[in-house]
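This report goes through a protein model by its helices, domains, chain interface and salt bridges. Please keep the sequence and the structure in view while reading.

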Amino acid sequence: MLVYVIRRVALALVTLLLLSLIIFAIANVLPQNVGRAILGPFAAPEAVAELNRQLGTDQPLVNQYLRLLKGIVTFDFGTSYQTGQPVRDVVTTTLVNSSKLAVLALLLTIPLGLVGGVFAALRKGRLADRVIVTLGLAGSAIPEFVTSTFLIFLLGLKLNVLPVLATWPEGSGVGTQIYYLLLPALSLVLVYFGYIARMARAGTISALESDYTRTATMKGMSRAAVLRRHVLRNALLPTISVIATQTGYLFGGLLAVELIFNVNGLGRLMVTAAKAKDLPVLSAGVLVIGVIYMVATLLADLLISWLNPRIRLGATS
Amino acid sequence: MTSTPNSPGRGGDPVGDPVENPVTHTHDLTEPTVAETVHGVIDSALDEQVPVPAGPPVSAAAAALTARKAARRETFRLLLRRPEFVIGTLIVAFWVACAIGGRALAPKDPFTGDPFQTHASPGSEYWLGTDRLGRDVLSRVISGARDVLLVAPISAVIGVAVGTILGLVMGYFRGPTDDILSRIVEAFLSLPVAVVGLLALVVLGPSNWTVIGVVGLLFAPIVARTVRAAVLSERELDYVQAARLQGESAPYIMFREILPNVTGPIIVELTVRIGYAIFTIATLSFLGVGIQPPSPDWGLMISEEYSQIINGYWWPVVYPSLAIASLVIAVNLIADSLQGVLSR
């Protein structure tokens, strides 16, 4: 087990290194004069050179990349071109709000997806199964911002039951914040429900068809006990890794959702940074989303290996 | 990622278990779904004739060709029996007609509006209403099909082409080449395409061409993973060994021997990618870095008007939203039935 953990963490670090390299390469794929871009075409060349020196953008690319790596370790991502604030500060403030939204969405999606998937598997081929599968399929095929507009139209405009802007009054309690975040969270639920339900359904079906389930049934175990002790236990393992990957992708989906619902989160920050060509903020945001995905899948892999003795004792991937 | 979800249980679920449905953001390095089961219709029809790799006699080659044709016809017949395939195809055909017909089909000019008719509600004059500049929403939705239906398939084709080459190289050579490329692929997979796409398009500047290039290249690692899995199970088969013993070059074996035998998953992957390309490009356009104004692109229309829904002006947003939803669902229905038939 320990060998597996060390190996898996080392791999994650390699991925992180590559991730930073990819982001750096994309951000620098075109030669650019950052100082000129910020100060505009009429600024004095000396001022441009001075700004480039301050920002470190006059350095060779290798040095700039090394600085980025150092920044990752020391959690220092430079300053925003747009506002001059430290990138770390803007990213952390907005990340808190994004995490609230993401956690709320996950708290709704995971139980719904698991229950929906297992229920569909138990009624495989019948109406309930088809409805769940089709809904999940349609939901996950449609982009988040499209789902959001449908929800705003239905729940915000026609029924007028939920606020469409997630701008809660200053100092509101948890309950109020949840109320304001409910509509954006629901659009994420609609998109990610399908993945989890589909995986839970597949896991349950294959567990139901397995030999151990047949043996358990044949030896006279009650159906409820078979489900609890054999089917669900095995069925939900693969679902864990899907939940992890979806957590990572959910933060990607926040880009459009936060923009639509005006959530002061990382996604909206990145879109604003994109409009202003504020590359330090934008790259830091991309890196954070990549890291969230990486950590989530790492935790899921460790959890699965801990739950699954075949991996825990075998120690090979 | 260590899990290998749902490879068992597939056999017992012949009606295209929606679980292995391709509509998924799930990135799982193993992706067992298509890889092992491709030996479906096409291969089983071919198996008798084509264990012969290099230099088969002419008659055998001809027989193989007929068998391939017959298999293709059979695949098509099976597809037509699936209602979801027929529905998907009809919807896609409708939007393709709109894309081609464009201005000819649109009742009004999609670009110039009537300044006295801004945000007119749907009615007899403007069936789907007008937007904030008084432009006819129906005409814009019809002509908005063109850009996305041009940009999305091209980027999907690029992604599948580059990804196939990568996947063949990774799966065939294995060893250090595969290890290094796999790490890079995995790093790419930890980033949602729309997120990296946003960064890349800010740097490169948005245009239809940069969107095609960026989305295509970002899809390549995802495709590579699927193709690699298919190649891994294929390369151990006798015909590959035989070709190797005969001294065929690596590129010959990859492209002339293995590639024809993994077309099943590649075709499925292509349809899935087209669906995702529409998804991604609509999102990028919505975020302002995809298809650019004055194109009546659906994602753009939504981004220009979404803040007005709550004032009651829902029609310039809801109709393009319906257009996107119908198109992605239709493409996914097709992908789904293709996967069901090809992996049977």
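## Basis of the description

Helices (H or I, at least four residues) and strands (E, at least two) are taken as DSSP runs, numbered from the N terminus. This is a predicted model, in which local features need pLDDT of at least 70, side-chain atom pairs count only at pLDDT 80 or more, and totals for chains, interfaces and linings use all residues. Residues are numbered from 1 along each chain as its sequence is written, chains are lettered from A and ligands numbered from 1 in the order in which they are written, and side-chain values use heavy atoms, with hydrogens and water left out.

Arg273(B) belongs to helix 12 of chain B. With a relative accessible area of 5%, Arg273(B) is buried, a class that means under 20% relative accessible area, with exposed meaning over 50% and partly exposed in between (1.4 Å probe, protein chains only). Leaving aside residues up to four places away in sequence, Arg273(B) touches Ala156(B), Val160(B), Phe219(B), Ile222(B) and Val223(B), where contact means heavy atoms within 4.5 Å.

Arg273(B) also forms a salt bridge with Glu269(B), the closest N and O atoms being 3.0 Å apart; the term denotes a side-chain nitrogen of Lys or Arg within 4 Å of a carboxyl oxygen of Asp or Glu. Glu269(B) is likewise buried, with a relative accessible area of 6%. The two residues, Arg273(B) and Glu269(B), are 4 residues apart in helix 12 of chain B and are therefore separated by about one helical turn. An α-helix has 3.6 residues a turn, so residues three or four places apart point the same way.

## Other salt bridges

Over all chains, the rule gives a count of 19 salt bridges. One of them pairs Arg235(B) with Glu236(B), with the closest N and O atoms 3.1 Å apart; here Arg235(B) is buried at a relative accessible area of 11%, whereas Glu236(B), at 43% relative accessibility, is partly exposed. In chain A, the side chains of Arg88(A) and Asp89(A) meet in a salt bridge (3.8 Å, N to O). Arg88(A) is partly exposed, with a relative accessible area of 36%, and Asp89(A) also counts as partly exposed at 36% relative accessibility.

## The two domains of chain A

Chain A is divided into domain 1 (2–74) and domain 2 (93–316), with bounds that come from an automatic or database domain assignment. The contact between them takes 13 residues from domain 1 of chain A and 14 residues from domain 2 of chain A, and the C-alpha centres of the two domains lie 32 Å apart.

The area buried between domain 1 and domain 2 of chain A is about 1200 Å², with carbon and sulfur atoms giving 81% of it; buried area is the accessible area (1.4 Å probe) that two parts lose on being put together, summed over both. Tyr4(A), Arg8(A) and Ile23(A) supply 48% of the area that domain 1 of chain A buries against domain 2 of chain A, more than any other three residues. Between these domains the count is 1 salt bridge. Helix 1 of chain A gives the most to the side of domain 1 of chain A that touches domain 2 of chain A, with 11 residues. Elsewhere in the listing of side-chain pairs, Asp301(A) and Arg8(A) meet in a salt bridge (2.8 Å, N to O).

## The interface between the chains

In the assembly, 58 residues of chain B are in contact with 67 residues of chain A. The area buried between the two chains is about 5600 Å², of which carbon and sulfur atoms give 77%. Across this interface of chain B and chain A the rule finds 0 salt bridges. Helix 7, helix 8 (193–204), helix 12 (263–287), helix 13 (298–305) and helix 14 (315–342) of chain B each supply at least two residues of the side of chain B that touches chain A, and helix 14 of chain B gives the most to that side, with 10 residues.

## Helix 7 of chain B

Helix 7 (residues 175–189) of chain B has 15 residues and reaches 21 Å from its first C-alpha to its last, close to the 21 Å expected at 1.5 Å a residue, the expected span being 1.5 Å times one less than the number of residues. Within helix 7 of chain B, the residues Asp178(B), Ser182(B), Val185(B), Glu186(B), Ala187(B) and Leu189(B) are buried. Their cover includes helix 1 (2–27), helix 10 (223–261) and helix 12 (279–307) of chain A, together with helix 6 (145–173) and helix 9 (208–234) of chain B.
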